[in-house]
Amino acid sequence: MRRVCRRLPCSLAALLILAAPAWGQIPINSAPNAVGSGARALGMGGAFIAVADDATAASWNPGGLTQLERPEISLVYSWKWFSEEFESKYHPELNGDFDLDIDDINYFSIAYPFPQTIAGRNFVLSLNYQHKFDFDRQLDVRYNDIVAAAQGLIAGIKTTVDYEQEGSLSALSPAFGFELTDSLSMGVVMNIWDQSLISSNEWKIRTDFKTQVAFNGRLSSYTWGDIEQRYDDFEGTNYTFGLLWHPAERWGVGAVYHSGFTADVEYSRFFRTRGSQRSFAVDREDRKIEFPRAYGLGLSYRFPNDQLTLSLDVTRRDWDEFVEIKGFDNKGDRISPITGIPKNDSYNEPTYTVRLGGEYVFIDPELPRPKYLPSLRAGVYYDPEPASGRKDAWYGLDRGNGTPDDFYGLTLGAGVLIMDRVNIDAAYEYRWGDDVRKDTFGFPATHADVDQHNLYLSTVVYF
């Protein structure tokens, strides 16, 4: 830095040093991924609103809980593999394939039907653990930039960034379902998001970086360091309301509403640099995060042989309501977690998810109580991700119209009911999107091809 100050005003030299992306902070934006529940439902492509006849109904449509006839305990585990292959026209150094794999408990529930209630109507209580959002992501990238300086000097900036985001959000969800008439049921779920109850309800972003600044090819400064951002003590509550109606013996119609909610969270940021520039800073503040509401409709039909069931779901989620607010007084900066820019400059259209699935049960009419009852499932879906829809412009990206990124999926599943006591289900899900996630870096002509492979395994024990 001393050499630069002899050739340039020190203030200008300092300005050029700071022109490196905030000491290695390439503005990487990463919103959480929504997670579905249950191997059986996901084997049907997630088209489960109008079916909802197992304990995961608390996640898809609590109105279906009244279809449970016996007490049961269920557990679902998941394994996930993600791949993002980035390509950039103006920053080819960003090109690369980034992989990540994680595993966790997807769902756990205890359900108890009450045999005698008001007017003999079915009434079911359940307590559920739902893994709802994943934050995990890893990117190891290089970024080059050139800044023109005074007196004919050119500043070249090279930054290497190791970015890791990890964490999740899960809810503890007591639920009940009640049969209103012989053909209509309703249900309510209270989703409690509280780190004191679920210790994993937190996430952090770790960025390790190295930045080199050279003037006319001569190294001027070399700085390295790390930045860690943490979101702790997450607290919030929302509700899920569901209706399930059977207008005819083989038809099912479902409706579900997930309320939006505002969560309190403690934000902290640790910033440290070494080398040509040494610094250390710690920032802490209270923040709020507003999560969007969602609602869906479902239709199902069970064929006369009781072996084949087809279902169709359409769900809308209002992602423009997704906002991060600095400060509990609601007067701080309002940021879009999807784009990382002020909410007034970032519009996100709602996403509409369409899911179609089917289940075939191998029923033998000659064996009314078989020892083993196998089943097969399959599904397809369109499941877009929220995005800004910003177009390329000479200065970067424009404001955008909020058009989501297109994602599609295929699912396969299988299950077996053993001795009418234990049910084992497995599901495989492949989800992909091409030319998506332009908001990750916010650079023009920069996008990714994404592949996701998910495997779910569940067991249910009936009493």
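Colleague: Which residues gather in a patch of negative charge on the surface?

Modeller: In general, Asp and Glu count as negative, and a patch is a group of such residues whose charges are joined within 9 Å. In this predicted model, the negative patch on the surface brings together E85, E87, D97, D99, D101, D103, D434 and D435. Strands β2 (72–88), β3 (96–114) and β22 (422–436) each give two or more of these residues, and β3 gives the most, with 4 residues.

Colleague: Is D434 buried, exposed or partly exposed, and why?

Modeller: Partly exposed means a relative accessible area between the limit for buried, under 20%, and the limit for exposed, over 50%. D434, which is found in strand β22, has a relative accessible area of 49% and is therefore partly exposed.

Colleague: What makes up the nonpolar surface patch?

Modeller: Here the nonpolar side chains are joined within 5 Å. The patch covers about 730 Å² and is made by W251, L299, L312, V314, Y352, V354, L356, V380 and L410. At least two of its residues come from each of β14 (308–317) and β17 (351–361), and the largest share, 3 residues, comes from β17. W251 lies in strand β10 (residues 251–258) and, at 39% relative accessibility, counts as partly exposed.

Colleague: Which residues does E290 touch, leaving out those up to four places away in sequence?

Modeller: Contact means heavy atoms within 4.5 Å. E290, placed in strand β12 (residues 279–291), touches F261, T262, E321, F322, V323, I325 and R334. As for D364, E290 is 74 residues from D364 in sequence and 51 Å from D364 in space, C-alpha to C-alpha.

Notes:
Residues are numbered from 1 along each chain as its sequence is written. This is a predicted model: local features need pLDDT of at least 70, side-chain atom pairs count only at pLDDT 80 or more; totals for chains, interfaces and linings use all residues. Side-chain values use heavy atoms; hydrogens and water are left out. Patches are made of residues with over 30% relative accessible area and no salt bridge: like charges are joined within 9 Å, nonpolar side chains (Val, Leu, Ile, Met, Phe, Trp, Tyr) within 5 Å. Accessible areas come from the Shrake-Rupley method with a 1.4 Å probe; for residues, only the protein chains shown count as cover. A salt bridge is a side-chain nitrogen of Lys or Arg within 4 Å of a carboxyl oxygen of Asp or Glu. The place of a charge is taken as NZ of Lys, CZ of Arg, CG of Asp or CD of Glu. Buried means under 20% relative accessible area, exposed over 50%, partly exposed in between (1.4 Å probe, protein chains only).
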